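Dear colleague,

I am passing on the structure we spoke about, with some notes on its charged side chains. Please read the notes with the structure open beside them.

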Amino acid sequence: MINKLFGIAPTPAEDNAFSPSLLSLKLATSQVTDYDETVYNKPYKGKLKILMVCTEERNMTMSNGKKFSTGNHPVEMLLPMLHLKNAGFEIDIFTPTGKSVKIEMWAFPNKDNNVKAIYSQYLKDFEKPKSLNNFVENIMNQNSDYTAIFIPGGHGAMLGLPENTDLCKLIYWSVEKHLYMLTICHGPAALLSAGLDKTKPFPYRGYEIAAFPDSVDKQTPFIGYMPGNIPWKYGEKLNNLGVKIINKKADKTCHKDRKLISGASPKAANNFGKLCATELLNELSK
């Protein structure tokens with residue numbers, strides 16, 4: 001009752017899950033974004049596209065057994081998409097089996113016209129994305145249509161993707177093809193899938209990234225953002241594989257290490273999108 005009174009009780013959602021409390025939504029989300037409508041003077045004109053891998057799972061079971069209603073974070077997904085589109089890149093949307101993309105709609109910036117526009121443009125693709133399994137099994141090794149893999153954030157990136165063998169194969173294929181890897185916030189959790197292949201060295205050992213810190217995840221239940229403690233620490237697992245997270249806060253940090261571009265949080269989404277678009281344009285203009 002006290003938590004409800006102060007607005008820090010997680011909000012009941014469908015499937016006996018919880019979305020963030022009213023207080024945490026006020027602190028962590030906004031009705032508009034800082035998207036700056038960057039114009040890219042020489043947008044890409046070729047056939048290479050972006051392959052975006054999203055989660056198709058909704059609920060995360062916390063350490064106390066309660067469920068958190070999650071998915072991909074709309075700002076971390078749509079702001080980079082805006083920049084990539086403005087830079088001339090088409091984006092193909094995938095989930096592991098072709099089930100619909102799950103999105104944290106409670107974080108959607110409903111008064112941001114640019115975000116609403118690109119969401120509407122890709123809505124059919126979010127509802128009926130391509131199957132990663134089909135791509136890996138039947139298309140990938142004969143395919144040369146992509147210049148980058150994009151894995152957006154949201155706690156949903158921790159659901160299914162880190163254990164997905166098709167994503168493991170996609171990552172190694174992307175490394176062999178010298179593609180860029182673009183990922184933000186909790187998106188780097190999906191990179192753990194590359195560790196499933198014990199016959200190969202982890203491809204990002206020795207890399208530095210920006211990502212959402214485990215230490216901040218530990219604090220979020222206190223304001224009702226999640227209904228309990230997170231079930232496992234993806235940052236710790238990446239550290240154990242030789243990846244260093246450079247930021248201590250959920251801030252605007254963005255980072256490029258070789259062909260891995262990363263961002264720390266929703267606050268970084270605009271700058272992350274610009275960095276990704278700029279680096280891809282520079283690479284393809286050589």
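A salt bridge is taken here as a side-chain nitrogen of Lys or Arg within 4 Å of a carboxyl oxygen of Asp or Glu, and by this rule the count comes to nine salt bridges. Please bear in mind that this is a predicted model, in which local features need pLDDT of at least 70 and side-chain atom pairs count only at pLDDT 80 or more, while totals for chains, interfaces and linings use all residues. Residues are numbered from 1 along each chain as its sequence is written, and side-chain values use heavy atoms, with hydrogens and water left out.

One of the salt bridges joins Lys-49 to Asp-92, at 2.8 Å from N to O. This pair links distant parts of the chain, since Lys-49 lies in strand β3 (residues 49-53) and Asp-92 in strand β6 (residues 91-95), 43 residues apart; helices (H or I, at least four residues) and strands (E, at least two) are DSSP runs, numbered from the N terminus. Asp-92 has 12% relative accessibility and therefore counts as buried (buried means under 20% relative accessible area, exposed over 50%, and partly exposed in between, with a 1.4 Å probe and protein chains only).

Another salt bridge is formed by Arg-258 and Asp-257, at 2.7 Å from N to O. Here Asp-257 is buried, with a relative accessible area of 12%, whereas Arg-258, at 45%, is partly exposed.

Lys-259 pairs with Glu-283, their closest N and O atoms being 3.2 Å apart, and Lys-259, Glu-283 and Lys-286 are linked in a network of salt bridges.
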